[in-house]
Amino acid sequence: MNDPRWTDPTENPEDQELAVSLRPRTLDEFIGQNELKENLRVFIQAARQRGEVLDHVLLHGPPGLGKTTLSQIVAAEMGLEIRLTSGPAFTNSAELIALLTEQADRRAIFIDEIHRLGKVIEEHLYPAMEDFRVELIIDKGPNARHFNMQLEPFTLIGATTRAGLLTPAMRSRFGIVCHLDFYPASDLAIIVTRSADILGIGINSEGAMEIARRSRGTPRAANRLLRRVRDYAQVDGVEVIDQKTADRGLTRLGVDHLGLEALDRRYLKLIIEHFGGGPVGISNMSVSLGEESDTLEDVVEPFLIQSGLLKRTSRGREVTPHAWVHLGLEMPPEDTSGGLQGELL
Ligand code: ADP
């Protein structure tokens, strides 16, 4: 339960401190995700040419892939001030209304984890997004009076790790919907090299590639592993991180060649050793591992699925033959009764 998670893509205080210096500030500095970037570039240019606000933007994808960064870039390229907040930060509708009615023109509002906005609170966003209007209700019961308040046009940028949990009503109000994918190692190597440059860390291209390959397709993890490998290099008196130094550091951190850490391996091993390879339900996995099911679904599983080690089916989670091979375990003899082997043939 307490395995250190070096590649955990959720933000920690050290990340926050460095975020300011490492965060790309323009679309040109933002590495990878080319199709998405080019689309955004066109939408931004078109809105600017018309002198209109940009349509509301929904960014979805696993944590640490650049949703917050992109929201700030979009705002900057549109020349907007941006207010950053998150779904769970709102405990009642009044807080959202206060934010919406703040005196400010030309602004973007970023709501992270927008799927976690309460249902009633969310309903106040609909008229605000659609007609730049909020409905205020004064008094209760028979004395209740409704007022409409007009807002300055704004762009809402919502981010979510779970697009599937958004209500259709919410989702349909975003004119621009962008999905962020895990980054290929070649893009992450550029990110590692750029970050090393900013932080004054010596690294050659093989060293950057080694860190990139083991960063779970996630820029935040890549930046974090770079810093930890730098620590090892510094203590070992190495000035320029090469492939060997990176490999040694990452191995000492318990990050294997695919970027898996102890929790990932425990997750796969559990399915193999206790559930015959699967299928197994998420709540069962959560109890057996002593981890929140949200952590498993947001952080652990997307990358295991992306790496071809895990499948999510209607019956539950199942490991693939690659998982057995990766863990150095022997697959059981072929089962023709329709079990794991039967399915895979
Ligand atoms: P999310 O909001 O999706 O969790 P962030 O936007 O906070 O992710 O990104 C995490 C960190 O990764 C940022 O501080 C930034 O330095 C880095 N990062 C993310 N995407 C990129 C990118 N495309 N190019 C360079 N650095 C990136």
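The lining of the second largest pocket divides into six nonpolar, six polar and six charged residues, where Ala, Val, Leu, Ile, Met, Phe, Trp, Tyr, Cys and Pro count as nonpolar, Asp, Glu, Lys and Arg as charged, and the others, Gly among them, as polar. This is a predicted model, in which local features need pLDDT of at least 70 and side-chain atom pairs count only at pLDDT 80 or more, while totals for chains, interfaces and linings use all residues. Residues are numbered from 1 along each chain as its sequence is written, and side-chain values use heavy atoms, with hydrogens and water left out.

The second largest pocket has a volume of about 300 Å³, and among its 18 lining residues G61, P62, T161, P302 and R312 lie nearest its centre. A pocket here is an open set of points on a 1 Å grid over the protein atoms alone, with protein on both sides within 12 Å along at least five of seven lines, whereas a cavity is a set of points where a 1.4 Å probe fits but cannot get out; lining residues have an atom within 4 Å of a point. Helix 13 gives the most to this lining, with six residues.

The largest pocket holds about 980 Å³ of space; of the 46 residues that line it, P9, P63, G64, T68 and R220 are the closest to its centre. Helix 9 gives the most to this lining, with five residues, and by class the lining has 17 nonpolar, 13 polar and 16 charged residues.

The space taken by the ligand is this largest pocket. The elements that give two or more residues to the shell around the ligand are helix 1 (13-22), helix 3 (67-78) and helix 9 (219-235). In total 18 residues surround the ligand, the closest being I31, G64, T68, T69 and R220, where a residue counts if one of its heavy atoms lies within 4 Å.

Several polar contacts (pairs of N or O atoms within 3.5 Å) can be followed in the structure. An oxygen atom of the ligand is 2.6 Å from an N or O atom in the side chain of T68, and an oxygen atom of the ligand lies 2.8 Å from an N or O atom in the side chain of R23. At I31 a backbone N or O atom is 2.7 Å from a nitrogen atom of the ligand.

Finally, the largest cavity has a volume of about 30 Å³ and is lined by P9, P62, P63, F182, R216, T218, D298 and V299.

How values were computed:
A polar contact is a pair of N or O atoms within 3.5 Å; within protein, one must be able to donate a hydrogen and the other to accept it, and residues adjacent in sequence count only if both atoms are side-chain atoms. A molecule sits in a cavity or pocket if more than half of its atoms lie within 2 Å of its grid points. Helices (H or I, at least four residues) and strands (E, at least two) are DSSP runs, numbered from the N terminus. Grid points are joined across faces, edges and corners, and a volume is the space filled by probe spheres set on the points.
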